[in-house]
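Hi there,

Here is the structure I promised to pass on to you. Have a look at it first, and then read my notes below.

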Amino acid sequence: MDWLDFTADEPVARPLDVRWIHGSPSAKHNTDPDIQVYRYDPHTVILRQNMAIDYEGPFMFLLFGNTHALLVDTGATESAEYFPLRRVVDELIEQWLAEHPRDRYSLLVVHTHPHGDHIAGDAQFAGRPDTRVVGIERDEVRAFFGLGDDLGKAGLVDLGGRVLDCLASPGHHEAAVTLYDPSTGILLTGDTVYPGRLYVEDWPAFRDTIDRLIGFAATRPVTHVLGCHIEMTAEPGVDYPIRYTYQPDEPPLELTVGDLLAISLAIDEIGDRPGRHAYPNFVICRVDG
Ligand SMILES: [Zn+2]
Ligand SMILES: [Zn+2]
(Lines give C-alpha, C1' and ligand atoms only; values in the text may rest on other atoms or scores of the structure.)
(Ligands and ions follow the chains in the order given, each with its own letter.)
Protein backbone atom coordinates (compact mmCIF):
# COMPACT_ATOMS: atom_id res chain seq x y z
CA MET A 1 0.00 0.00 0.00
CA ASP A 2 1.18 3.51 -0.74
CA TRP A 3 1.69 5.08 2.69
CA LEU A 4 0.99 8.78 2.21
CA ASP A 5 3.24 11.18 4.09
CA PHE A 6 0.97 13.92 5.44
CA THR A 7 3.83 15.57 7.31
CA ALA A 8 6.18 16.14 4.38
CA ASP A 9 5.34 19.76 3.59
CA GLU A 10 4.33 22.90 5.44
CA PRO A 11 0.64 23.55 4.82
CA VAL A 12 -0.17 26.10 2.13
CA ALA A 13 -3.35 28.18 2.05
CA ARG A 14 -5.04 26.89 -1.07
CA PRO A 15 -7.76 29.23 -2.31
CA LEU A 16 -11.27 27.85 -1.87
CA ASP A 17 -12.13 28.10 -5.55
CA VAL A 18 -15.83 27.37 -5.14
CA ARG A 19 -19.24 28.96 -5.39
CA TRP A 20 -21.27 27.32 -2.65
CA ILE A 21 -24.84 26.31 -3.28
CA HIS A 22 -26.81 29.03 -1.48
CA GLY A 23 -30.50 28.19 -1.81
CA SER A 24 -32.99 29.60 -4.28
CA PRO A 25 -35.95 32.03 -4.32
CA SER A 26 -38.29 29.02 -4.45
CA ALA A 27 -37.24 25.95 -2.46
CA LYS A 28 -39.63 23.84 -4.50
CA HIS A 29 -37.85 24.70 -7.72
CA ASN A 30 -34.34 24.30 -6.33
CA THR A 31 -32.11 22.47 -8.81
CA ASP A 32 -28.95 22.28 -6.69
CA PRO A 33 -27.58 18.90 -5.55
CA ASP A 34 -28.78 17.67 -2.16
CA ILE A 35 -25.17 17.84 -1.01
CA GLN A 36 -22.44 19.88 -2.69
CA VAL A 37 -19.04 18.20 -2.85
CA TYR A 38 -15.93 20.37 -3.04
CA ARG A 39 -12.50 18.79 -3.13
CA TYR A 40 -10.17 21.18 -1.33
CA ASP A 41 -7.25 18.87 -2.03
CA PRO A 42 -6.98 15.17 -2.99
CA HIS A 43 -7.45 14.10 0.65
CA THR A 44 -9.80 16.79 1.96
CA VAL A 45 -13.45 17.28 0.98
CA ILE A 46 -15.86 20.00 2.07
CA LEU A 47 -19.59 19.27 1.85
CA ARG A 48 -22.54 21.61 2.06
CA GLN A 49 -26.15 20.66 2.65
CA ASN A 50 -28.75 22.16 0.32
CA MET A 51 -30.64 25.01 2.07
CA ALA A 52 -33.91 23.95 0.45
CA ILE A 53 -33.72 20.78 2.58
CA ASP A 54 -32.81 22.68 5.73
CA TYR A 55 -32.31 26.43 6.04
CA GLU A 56 -29.22 25.89 8.21
CA GLY A 57 -27.27 24.72 5.13
CA PRO A 58 -24.47 23.35 7.31
CA PHE A 59 -20.99 22.43 6.08
CA MET A 60 -19.42 19.04 6.77
CA PHE A 61 -15.87 17.82 6.25
CA LEU A 62 -14.38 14.52 5.08
CA LEU A 63 -10.65 13.99 5.66
CA PHE A 64 -8.71 10.97 4.43
CA GLY A 65 -5.77 9.44 6.29
CA ASN A 66 -3.86 6.24 5.59
CA THR A 67 -6.06 4.02 7.73
CA HIS A 68 -9.18 6.07 8.51
CA ALA A 69 -11.44 8.63 6.94
CA LEU A 70 -12.90 11.20 9.30
CA LEU A 71 -16.35 12.67 8.76
CA VAL A 72 -16.86 15.82 10.79
CA ASP A 73 -20.62 16.38 11.34
CA THR A 74 -23.61 14.70 9.69
CA GLY A 75 -25.85 17.60 8.76
CA ALA A 76 -29.35 18.80 9.63
CA THR A 77 -31.60 16.12 8.12
CA GLU A 78 -32.14 12.52 9.16
CA SER A 79 -33.75 11.23 5.98
CA ALA A 80 -31.37 9.52 3.56
CA GLU A 81 -33.91 10.17 0.84
CA TYR A 82 -33.82 13.96 1.21
CA PHE A 83 -30.26 14.12 2.43
CA PRO A 84 -28.18 11.15 1.14
CA LEU A 85 -25.06 11.79 3.21
CA ARG A 86 -24.19 8.12 3.62
CA ARG A 87 -24.34 7.52 -0.14
CA VAL A 88 -22.21 10.59 -0.91
CA VAL A 89 -19.63 9.68 1.74
CA ASP A 90 -19.52 6.04 0.57
CA GLU A 91 -18.93 7.19 -3.00
CA LEU A 92 -16.17 9.57 -1.95
CA ILE A 93 -14.44 6.85 0.08
CA GLU A 94 -14.78 4.41 -2.80
CA GLN A 95 -13.22 6.94 -5.18
CA TRP A 96 -10.39 7.67 -2.77
CA LEU A 97 -9.72 3.95 -2.23
CA ALA A 98 -9.61 3.42 -6.01
CA GLU A 99 -6.66 5.83 -6.07
CA HIS A 100 -5.16 4.58 -2.81
CA PRO A 101 -6.03 0.90 -2.41
CA ARG A 102 -6.06 -0.57 1.08
CA ASP A 103 -7.15 -3.94 2.42
CA ARG A 104 -8.97 -2.34 5.33
CA TYR A 105 -10.20 1.18 5.74
CA SER A 106 -12.31 2.60 8.55
CA LEU A 107 -14.64 5.54 8.90
CA LEU A 108 -14.78 7.70 12.01
CA VAL A 109 -17.72 10.04 12.48
CA VAL A 110 -17.28 12.90 14.95
CA HIS A 111 -19.12 16.16 15.61
CA THR A 112 -18.05 19.74 16.13
CA HIS A 113 -20.89 19.84 18.69
CA PRO A 114 -24.19 18.05 19.17
CA HIS A 115 -26.74 20.63 17.97
CA GLY A 116 -29.38 19.03 15.76
CA ASP A 117 -28.07 20.54 12.52
CA HIS A 118 -24.72 18.74 12.96
CA ILE A 119 -25.77 15.24 14.05
CA ALA A 120 -29.03 14.50 12.23
CA GLY A 121 -27.48 12.12 9.69
CA ASP A 122 -25.77 9.91 12.31
CA ALA A 123 -28.28 7.08 11.98
CA GLN A 124 -27.42 6.69 8.29
CA PHE A 125 -24.06 5.28 9.39
CA ALA A 126 -25.46 2.72 11.82
CA GLY A 127 -24.44 -0.76 10.73
CA ARG A 128 -21.86 0.50 8.24
CA PRO A 129 -18.86 -1.88 8.37
CA ASP A 130 -15.62 -0.61 9.95
CA THR A 131 -17.36 2.50 11.18
CA ARG A 132 -17.43 4.24 14.53
CA VAL A 133 -19.85 7.06 15.25
CA VAL A 134 -18.46 8.80 18.31
CA GLY A 135 -21.12 9.72 20.89
CA ILE A 136 -22.25 13.27 21.44
CA GLU A 137 -22.11 13.71 25.21
CA ARG A 138 -19.40 16.06 26.40
CA ASP A 139 -17.50 13.51 28.49
CA GLU A 140 -17.66 10.88 25.75
CA VAL A 141 -16.34 13.36 23.18
CA ARG A 142 -13.53 14.51 25.44
CA ALA A 143 -12.56 10.93 26.32
CA PHE A 144 -12.44 9.99 22.63
CA PHE A 145 -10.03 12.80 21.79
CA GLY A 146 -8.02 12.34 24.99
CA LEU A 147 -9.01 15.72 26.43
CA GLY A 148 -8.62 16.01 30.18
CA ASP A 149 -9.63 18.56 32.79
CA ASP A 150 -6.90 20.96 31.66
CA LEU A 151 -8.57 22.47 28.60
CA GLY A 152 -5.29 24.12 27.65
CA LYS A 153 -3.95 20.72 26.60
CA ALA A 154 -4.93 19.55 23.12
CA GLY A 155 -6.15 16.04 22.38
CA LEU A 156 -5.80 14.26 19.07
CA VAL A 157 -7.25 11.85 16.56
CA ASP A 158 -4.96 9.78 14.31
CA LEU A 159 -6.23 8.91 10.82
CA GLY A 160 -3.05 6.97 10.00
CA GLY A 161 -0.16 9.39 9.56
CA ARG A 162 -2.59 12.30 9.53
CA VAL A 163 -2.88 13.32 13.16
CA LEU A 164 -5.36 16.08 13.98
CA ASP A 165 -5.19 18.15 17.13
CA CYS A 166 -8.38 18.66 19.08
CA LEU A 167 -9.17 21.55 21.40
CA ALA A 168 -12.14 21.64 23.75
CA SER A 169 -14.20 24.68 22.73
CA PRO A 170 -17.08 25.28 25.14
CA GLY A 171 -19.05 28.50 24.85
CA HIS A 172 -21.46 27.92 21.97
CA HIS A 173 -22.04 24.43 23.34
CA GLU A 174 -20.37 22.73 26.29
CA ALA A 175 -19.42 19.66 24.19
CA ALA A 176 -17.96 21.66 21.28
CA VAL A 177 -14.49 20.89 19.94
CA THR A 178 -12.20 22.51 17.38
CA LEU A 179 -10.04 20.32 15.15
CA TYR A 180 -6.72 21.35 13.62
CA ASP A 181 -5.30 19.48 10.64
CA PRO A 182 -1.52 20.02 10.38
CA SER A 183 -1.39 18.77 6.79
CA THR A 184 -3.71 21.50 5.44
CA GLY A 185 -3.37 24.01 8.27
CA ILE A 186 -7.17 24.16 8.48
CA LEU A 187 -8.86 24.90 11.79
CA LEU A 188 -12.39 23.46 11.95
CA THR A 189 -14.29 25.63 14.39
CA GLY A 190 -17.87 24.36 14.10
CA ASP A 191 -20.40 26.96 15.29
CA THR A 192 -17.85 28.55 17.62
CA VAL A 193 -16.38 30.71 14.82
CA TYR A 194 -17.95 31.24 11.38
CA PRO A 195 -19.18 34.12 9.22
CA GLY A 196 -22.57 34.43 10.90
CA ARG A 197 -24.33 34.64 14.24
CA LEU A 198 -22.11 33.29 16.98
CA TYR A 199 -24.60 32.23 19.65
CA VAL A 200 -22.88 32.19 23.02
CA GLU A 201 -24.45 30.10 25.77
CA ASP A 202 -21.58 30.46 28.23
CA TRP A 203 -19.79 33.79 27.98
CA PRO A 204 -16.72 33.11 30.19
CA ALA A 205 -16.21 29.73 28.51
CA PHE A 206 -16.48 31.33 25.06
CA ARG A 207 -13.94 34.01 25.98
CA ASP A 208 -11.53 31.33 27.23
CA THR A 209 -12.09 29.25 24.09
CA ILE A 210 -11.31 32.15 21.74
CA ASP A 211 -8.15 32.91 23.76
CA ARG A 212 -7.20 29.22 23.59
CA LEU A 213 -7.65 29.17 19.81
CA ILE A 214 -5.58 32.33 19.41
CA GLY A 215 -2.85 30.85 21.61
CA PHE A 216 -2.89 27.63 19.61
CA ALA A 217 -2.79 29.50 16.30
CA ALA A 218 0.32 31.36 17.49
CA THR A 219 2.17 28.04 17.66
CA ARG A 220 0.96 26.43 14.42
CA PRO A 221 0.44 27.55 10.83
CA VAL A 222 -3.31 28.16 10.33
CA THR A 223 -4.28 28.58 6.68
CA HIS A 224 -8.08 28.81 6.97
CA VAL A 225 -10.56 28.97 9.82
CA LEU A 226 -13.59 27.01 8.63
CA GLY A 227 -16.83 26.98 10.58
CA CYS A 228 -20.08 25.22 9.71
CA HIS A 229 -22.41 27.95 8.43
CA ILE A 230 -22.53 31.17 6.43
CA GLU A 231 -25.13 33.69 7.61
CA MET A 232 -23.51 37.02 6.77
CA THR A 233 -24.19 38.91 3.55
CA ALA A 234 -21.42 40.44 1.46
CA GLU A 235 -22.16 43.73 3.24
CA PRO A 236 -20.02 43.98 6.39
CA GLY A 237 -22.01 43.63 9.61
CA VAL A 238 -25.25 42.60 7.84
CA ASP A 239 -26.54 39.03 8.22
CA TYR A 240 -29.35 37.21 6.45
CA PRO A 241 -32.46 36.86 8.60
CA ILE A 242 -32.74 33.50 10.36
CA ARG A 243 -34.59 30.80 8.37
CA TYR A 244 -33.81 32.44 5.02
CA THR A 245 -33.28 29.79 2.35
CA TYR A 246 -31.84 32.05 -0.33
CA GLN A 247 -28.47 33.69 0.28
CA PRO A 248 -27.15 34.86 -3.10
CA ASP A 249 -24.62 37.30 -1.63
CA GLU A 250 -22.75 35.15 0.86
CA PRO A 251 -19.19 36.04 1.80
CA PRO A 252 -16.62 33.21 1.69
CA LEU A 253 -16.81 30.46 4.31
CA GLU A 254 -13.16 30.86 5.23
CA LEU A 255 -12.08 33.18 8.01
CA THR A 256 -8.57 33.85 9.33
CA VAL A 257 -6.66 34.06 12.59
CA GLY A 258 -7.25 37.82 12.26
CA ASP A 259 -10.96 37.11 12.73
CA LEU A 260 -10.19 35.21 15.94
CA LEU A 261 -8.39 38.32 17.17
CA ALA A 262 -11.36 40.48 16.08
CA ILE A 263 -13.70 38.21 18.07
CA SER A 264 -11.44 38.53 21.10
CA LEU A 265 -11.53 42.34 20.85
CA ALA A 266 -15.31 42.23 20.38
CA ILE A 267 -15.67 40.12 23.52
CA ASP A 268 -13.82 42.78 25.52
CA GLU A 269 -15.91 45.54 23.97
CA ILE A 270 -19.23 43.76 24.61
CA GLY A 271 -18.39 43.07 28.23
CA ASP A 272 -21.52 42.47 30.28
CA ARG A 273 -24.03 43.58 27.66
CA PRO A 274 -26.40 40.81 26.58
CA GLY A 275 -27.98 40.48 23.14
CA ARG A 276 -26.78 41.01 19.60
CA HIS A 277 -23.57 42.75 18.58
CA ALA A 278 -22.73 43.07 14.88
CA TYR A 279 -19.16 43.24 13.60
CA PRO A 280 -18.02 43.25 9.96
CA ASN A 281 -17.45 39.48 9.58
CA PHE A 282 -19.65 38.08 12.37
CA VAL A 283 -22.44 38.86 14.81
CA ILE A 284 -22.01 37.87 18.44
CA CYS A 285 -25.29 36.90 20.13
CA ARG A 286 -25.06 36.60 23.89
CA VAL A 287 -27.88 34.27 24.82
CA ASP A 288 -26.61 33.43 28.31
CA GLY A 289 -28.10 34.99 31.47
ZN1 LIG B 1 -24.65 24.99 17.04
ZN1 LIG C 1 -25.14 24.85 13.54
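This is a predicted model: local features need pLDDT of at least 70, side-chain atom pairs count only at pLDDT 80 or more; totals for chains, interfaces and linings use all residues.

Residues are numbered from 1 along each chain as its sequence is written, chains are lettered from A and ligands numbered from 1 in the order in which they are written, and side-chain values use heavy atoms, with hydrogens and water left out.

The structure holds 14 salt bridges (a side-chain nitrogen of Lys or Arg within 4 Å of a carboxyl oxygen of Asp or Glu).

One of them joins Arg138 to Glu174, with the closest N and O atoms 3.9 Å apart. Arg138 lies in helix H3 and Glu174 in the loop between strands E8 and E9, so this pair ties together parts that are 36 residues apart in sequence. Helices (H or I, at least four residues) and strands (E, at least two) are DSSP runs, numbered from the N terminus.

(Buried means under 20% relative accessible area, exposed over 50%, partly exposed in between, with a 1.4 Å probe and protein chains only.)

Now look at Arg197, which is buried at 7%. Arg197 forms a salt bridge with Asp239 (2.8 Å, N to O); Asp239 sits in the loop between E12 and H5, 42 residues from Arg197 in strand E11. Glu231 also bridges to Arg197, at 3.8 Å, and Glu231 is buried at 8%. Together with Arg276, these residues form a network: Arg197, Glu231, Asp239 and Arg276 are linked by salt bridges.

Enjoy exploring!
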